[in-house]
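Q: I would like to go through this structure step by step. Could we start with what the terms mean and then look at the parts?

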Amino acid sequence: MLWVNRITGAGLILLAIPFWRMAGDYPDMAGLFPRTMLIVICALAAAMIVRSFIPALAPANEGEGLFTRAAFARPLAVFAVLLVLIAASNLIGFFAAMIVLSAAMVPILGVTKWRPYALGCLILMVFVYVLFVIFLNVPLTTLRPGS
Amino acid sequence: MEVLSVIADVLTPAHLLAMLAGVVGGLCIGALPGLTSNLGVALLLPVTFGMDPISALIMLTSLYAAAIYAGSFPAILLHTPGTSASAATAIDGFALTRKGEFNKAIRIATFSSVCGGVFSALMLLVIAPPLSLLSLKFGPPEYFMLAVFGLTIIGTLASGNMIKGLMSGAAGLAISTVGLDLDSGFPRFAFGSTDLQGGIGFVPAVIGLFSLSQALLMCEEPHRTIQQVKVTAGGQWRLFPTRDEIRQIRATVMRSSLIGGFIGILPGAGGDIGSWAAYNEAKRFSRNDPDFGKGSIRGVAASESANNATTGSAMVPLLTLGIPGSPTAAILLGALIIHGLQPGRTLFTVHAHFTYTVIVGFLLANLVMGFIGMGLGRYMGVVARLPNSILIAVVVVLSVVGAFSLGNNMYDVYTMMAFGLLGYLMRKGNFSPAPMVLGMILGPMAEQGFRQSVILADGPVVLHLLGSPISITLAALSLLSIVSAGYLEFKRTKAARAAG
């Protein structure tokens with residue numbers, strides 16, 4: 001994890017530079033607070049990097065979940081599919097997009113017992129339709145082909 | 001007369017229905033390990049937009065209390081705390097389950113949670129109004145120092161890594177500056193986008209940071225089901241504890257409710273710290289109990305009464321000073337602002353009816369939670385057998401719908417997704433999302449206070465910021481929290497290294 005801390009710290013400092021320059025062009029006091037926060041972030045990032053090099057202070061194993069390459073693959077694949085389907089929801093409609101998403105997650109998550117999964121998804125869609133579309137008047141159905 | 005009007009208002013069908021929905025939702029969320037009260041309140045927040053503010057806040061606070069209580073179900077049943085606040089419950093609760101006394105443990109957990117919750121609601125009713133007077137003494141420097149104090153407390157406690165917690169809070173403050181500057185009208189960090197000129201929405205960010213990130217984490221182990229062991233038979237089901245059981249736990253419940261109530265007031269110190277502190281105290285007072293730690297109802301009672309006692313008291317600094325006592329309370333602060341209410345003295349004067357109705361509703365919700373919880377407790381085993389894959393689909397779809405329903409536009413959905421991915425990566429790297437959320441909420445207040453202090457300062461800004469006893473106290477407390485958290489972290493790291 002120590003290399004993650006170092007890369008994150010260095011990345012944050014590098015990221016802060018263009019924002020710092022941008023904030024310098026703001027009129028009056030508009031750039032004062034953002035610049036102050038960028039200094040604080042850089043100082044903390046530097047402290048995180050320094051800490052990772054001092055054995056007595058370096059944090060032990062941390063972070064949630066698993067840390068194998070395979071463990072990252074599934075969440076990122078689900079996120080990518082979700083992103084594509086959200087972008088496509090204006091073309092195919094919201095509910096169609098969510099049904100495709102549910103179906104796409106079957107191979108990604110390796111769902112073997114597809115019947116309870118399908119039933120759960122069906123109940124979910126009905127619940128969303130009844131609560132959000134009928135009761136709360138959220139125009140989810142306007143996200144459909146031709147709208 | 002005003003008291004009767006408040007009670008009558010709580011008992012209207014709309015408010016009772018909102019309370020019931022919040023309690024049932026909270027019980028379901030809390031009972032599922034990995035799904036926290038933060039996630040539940042964040043998911044339900046968009047649903048409350050069309051509601052009147054009283055119904056909305058009753059629903060959200062009911063969900064908060066019920067979720068903390070329901071965390072005891074999987075802790076007792078499966079040795080898997082539903083929320084971090086129920087971790088201490090798992091020790092004696094699961095031991096009772098192994099002894100075949102599952103129903104007894106649930107009964108004690110329910111009774112203790114209700115007692116702790118009611119105590120915290122009464123505390124809120126009694127302590128909050130006088131404390132709100134203090135908010136009248138706050139000027140720009142005090143508000144700035146208050147924001148710094150809130151962030152240092154939650155930043156140092158949230159992830160167990162002080163630097164990362166503070167960094168997350170500072171990033172939240174920086175994100176809050178995106179959009180039009182309120183004084184000059186100049187667009188900041190908008191990159192020519194009209195959507196970004198309106199700022200980054202707090203609610204989509206919360207849904208992403210808490211809900212979508214949780215779904216992505218669950219994707220790592222989609223085949224896991226919540227229940228991994230066979231449920232033991234347990235004793236006979238009863239709605240109320242027996243007289244003998246009450247006699248055994250009454251002192252523990254009272255003491256733990258006090259501890260939880262006190263700890264809950266401290267910003268950043270939530271149910272998990274409260275329950276462990278109470279559990280340790282109960283252990284000290286139960287030297288003669290050979291079962292303590294091996295299936296004692298005192299252990300369950302201590303943890304459960306304390307964690308529910310933190311729920312109401314966490315709202316004391318929230319309602320009076322605008323500083324949330326827990327991450328969930330931070331989301332509740334957002335809910336208050338969304339419904340057009342500002343924390344502080346006005347909540348107890350101009351909006352007194354609203355505030356007292358919500359508090360009385362919260363008190364009643366704790367009782368309702370107990371009855372429904374005992375009823376549902378018998379069937380919790382079914383829910384615990386749901387596979388992760390179904391939960392992932394539920395959370396992902398509800399996150400998208402919740403974000404879209406905020407303003408019926410796709411910008412909020414993309415914001416939610418961006419923060420969902422950011423939240424996932426943050427949690428993998430042990431950056432807690434809670435300080436970031438708090439930073440986004442407190443950002444405008446902190447910036448306003450900072451800028452006004454810079455303008456008003458007659459000399460060095462630091463001296464102006466520390467120009468009043470309140471500011472000095474808040475600065476000293478911020479420093480104390482950083483130093484003490486740093487020291488504790490150093491000791492913990494050293495101990496972990498020594499243990500190999």
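A: Let us begin with one term: two residues are in contact when heavy atoms of theirs lie within 4.5 Å. Please also keep in mind that this is a predicted model.

Q: Which residues of α9(B) and α21(B) meet, then?
A: From α9(B) the residues are B:Gly165, B:Ser168, B:Gly169, B:Ala171, B:Gly172, B:Leu173 and B:Ile175. They meet B:Pro433, B:Pro435, B:Met436, B:Gly439, B:Met440, B:Leu442, B:Gly443 and B:Ala446 of α21(B).

Q: How many of those are nonpolar, polar or charged?
A: The contact of α9(B) with α21(B) has 9 nonpolar residues, 6 polar ones and no charged ones.

Q: At what angle do these two helices cross?
A: Helix α9 (residues 162-175) and helix α21 (residues 433-456), both of chain B, cross at roughly 40°, and their axes come within 6 Å. That angle makes α9(B) oblique to α21(B). The crossing is right-handed.

Q: And what about α20(B) against α21(B)?
A: Helix α20 (residues 410-428) of chain B crosses α21(B) at roughly 135°, with the axes coming within 10 Å. Angles over 145 degrees would count as roughly antiparallel, and α20(B) and α21(B) are therefore oblique to each other.

Q: Which residues make that contact?
A: On α20(B) they are B:Phe419, B:Leu422, B:Met426 and B:Arg427, and on α21(B) they are B:Pro433, B:Met436 and B:Met440. This contact of α20(B) with α21(B) comprises 6 nonpolar residues, no polar ones and 1 charged one.

Q: Let us change topic. How many residues of chain A are in contact with chain B?
A: There are 69 residues of chain A in contact with 63 residues of chain B. The area buried between the two chains is about 5800 Å², and carbon and sulfur atoms give 79% of that area.

Q: Which residues of chain A lose the most area to chain B?
A: They are A:Phe33, A:Glu64 and A:Phe79, which together account for 12% of what the chain A side buries.

Q: How do α5(A) and α19(B) pack?
A: Helix α5 (residues 114-135) of chain A packs against helix α19 (residues 388-407) of chain B at an angle of about 20°, with the axes 9 Å apart. The two helices are therefore roughly parallel to each other. Among the residues making the contact are A:Tyr117 and A:Phe127 of α5(A), and B:Ile390 and B:Val401 of α19(B). The residues of this contact divide into 14 nonpolar, 2 polar and no charged.

Q: What is the count of salt bridges between chain A and chain B?
A: The count between chain A and chain B is 0. Over all chains it comes to 8 salt bridges.

Q: Which residue does B:Arg107 pair with?
A: B:Arg107 forms a salt bridge with B:Glu245, and their closest N and O atoms are 3.0 Å apart. The pair links distant parts of the chain, since B:Arg107 lies in helix α7 and B:Glu245 in helix α12 of chain B, 138 residues apart.

Conventions:
Residues numbered from 1 in each chain as written. Chains lettered and ligands numbered in written order. Predicted model: local features only at pLDDT ≥ 70, side-chain atom pairs only at ≥ 80, totals over all residues. Heavy atoms only, no water. Axes fitted to C-alpha atoms, helices over the stretch in contact; angles between N-to-C directions. Helix = DSSP H or I, 4+ residues; strand = E, 2+ residues; numbered from the N terminus. Parallel < 35°, antiparallel > 145°, perpendicular 65-115°, else oblique. Nonpolar A, V, L, I, M, F, W, Y, C, P; charged D, E, K, R; others polar. Buried area = accessible area lost by both parts, 1.4 Å probe. Salt bridge = Lys/Arg side-chain N within 4 Å of Asp/Glu carboxyl O. Left-handed = near helix turned anticlockwise from the far one by under 90°.
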